[in-house]
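I set out to record what the atoms show about how the two chains meet, and then to look up a few local features. The entries follow the order in which I consulted the model.

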2 protein chains.
Amino acid sequence: MDIVRSVADLRARVRGWHARGERVALTPTMGALHDGHLSLVALGQHNADRVVATIFVNPTQFGANEDLDGYPRNEARDADLLSRGGCDLLFAPAVGEMYPPGFSTRVIVDGLTDVLCGAVRPGHFDGVAQVVTKLLNQAQADVAIFGEKDWQQLAVIRRLTRDLDIPTEILGAPILREPDGLAMSSRNRYLTADERAVAGTLNQALREAAQRIVAGQDIPSELAAARAAILGAGFASIDYVELREADTLAEVVRFDPTVPTRIFGAARLGRARLIDNMPVEG
Amino acid sequence: MDIVRSVADLRARVRGWHARGERVALTPTMGALHDGHLSLVALGQHNADRVVATIFVNPTQFGANEDLDGYPRNEARDADLLSRGGCDLLFAPAVGEMYPPGFSTRVIVDGLTDVLCGAVRPGHFDGVAQVVTKLLNQAQADVAIFGEKDWQQLAVIRRLTRDLDIPTEILGAPILREPDGLAMSSRNRYLTADERAVAGTLNQALREAAQRIVAGQDIPSELAAARAAILGAGFASIDYVELREADTLAEVVRFDPTVPTRIFGAARLGRARLIDNMPVEG
């Protein structure tokens, strides 16, 4: 697996594959790879002849008080995992290749970005929309794959891809979980052993609320019970526990099994901010 | 020349040409075509094997008090001109094809859009950036051609194309002028005969100021003289007469012949708002 660092080199490789009639999948990541990321690569292999992974810790999607500087970076390890996972090419640009002097263009997705993580992390999805627009246009892949753990991000990316007519198909990849239900995340490594022992509560509380809501229980009561369970397990605070439509992210006040619905949670545990979501369905 | 109205049909035609190894040029317009537009098509023919023109009066780039409803529309005449001008395909989408229900993505170019027309037409360049990003991604052309009469628009488009990594080369086409110097524009048809008789003053005043600035005359005095000449000819008001760097649009207070510099003017005459610009060079 080769590593390229310039858009020109990335494009030349993709152009060569396209000239041979090969289909190309893109799997954008911020590195610090885990099995969830490798499942994106596997889904890429299933949907294309070639898989390009990107590793770029995008500064524009981090807030001033967030973990940009401390975000885990280990390109050699990531490259080894990707290579063994069947990835054909790694694009790992420097910040200056992505945002050269004079850069001044923003991409804003209205509405979808106001709620959930967007309400807690102002500007985060503007940065995501900006960098994903760039990565998609840079790679010119046939399909791009994003994990469903960041469901809101996936919804924002689907929206901007459609709205800006970017000719790449967007695929979501199912969440990979640890045995206790904790969604795999690069930020799980921020957890101490004690914190890790209770981290699965976020998933368990959401799952229980989802099951009871499908069974007809009162939505506000179940969301409150989930919050209480999460805080009771030792989480420091809760950003949100909410029931929303899967596509529009509109709040759901009455459960309708014919409308795709998901439960979303975000909570803080030690240095980590953990998020999770799952379908609410019979 | 065929006319297509859906993005899917547009892409299918371009894909077919690309599959045959042909190079494709795009010339976006708002219709109401004049010889300036046809010169874009001619430049497209010079730079590509196929030329696609688009006609779309983009509502998102008009302000609330501007001339969206009254903007001249005559597709049959435009299609005839394009066909005779050597255009291969016309893309003329309805508003609903460009902005379907749920549409919610904006493209913002900071800095370049704050000055000149951007200062007088808030939101105008946001709409331009949005629709041009879409048109470029829709067409997947090799080169796209925009007139230098809208120099600031051209600078914004060059910036967003570079920043968002849109793989289309952007070319500027020289301004076409009437015998008295008036830059060709679809909005010139708003002028009465009396207004038309003095409209060339905008160009003449800018040209004179440019020559005197190159000759070393005082910049503020020359810009003031140009303003006085424009108002003296009967223009109702002036939006700006300014000297700026060609690429960054930074204001120029001391003329440096080694830095590409242009003089820009915008003024109101009857129902029309006329703009013009030209290089300031020895």
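This is a predicted model: local features need pLDDT of at least 70, side-chain atom pairs count only at pLDDT 80 or more; totals for chains, interfaces and linings use all residues.

Entry 1, salt bridges. I counted 4 salt bridges between chain A and chain B, a salt bridge being a side-chain nitrogen of Lys or Arg within 4 Å of a carboxyl oxygen of Asp or Glu. I looked up the pair B:Lys134 and A:Asp165, whose side chains form a salt bridge at 2.7 Å, N to O.

Residues are numbered from 1 along each chain as its sequence is written, chains are lettered from A and ligands numbered from 1 in the order in which they are written, and side-chain values use heavy atoms, with hydrogens and water left out.

I find 24 residues of chain A in contact (heavy atoms within 4.5 Å) with 24 residues of chain B. The two chains bury about 2200 Å² between them, 44% of it on carbon and sulfur atoms; this is the accessible area (1.4 Å probe) lost on being put together, summed over both parts. A:Thr105, A:Leu164 and A:Asp165 supply 26% of the area that chain A buries against chain B, more than any other three residues.

I superposed chain A on chain B by a rotation of 180° with 0.0 Å of shift along its axis, RMSD 0.0 Å, fitting by least squares the C-alpha atoms of residues with pLDDT of at least 70 in both. This is the relation of a two-fold axis. In chain A, the C-alpha of A:Val107 is the nearest to the axis, at 2.3 Å.

I read helices as DSSP runs of H or I of at least four residues, and strands as runs of E of at least two, numbered from the N terminus. H9 of chain B, residues 201-214, has 14 residues and reaches 20 Å from first C-alpha to last, close to the 20 Å expected at 1.5 Å a residue, where the expected span is 1.5 Å times one less than the number of residues. Its buried residues (under 20% relative accessible area, 1.4 Å probe, protein chains only) include B:Leu202, B:Leu206 and B:Ile213. They pack against elements of chain B, among them helix H10 (219-232) and strand E9 (261-269). B:Gly216, which follows H9(B), has a positive phi near 105°.

How values were computed: Buried means under 20% relative accessible area, exposed over 50%, partly exposed in between (1.4 Å probe, protein chains only).
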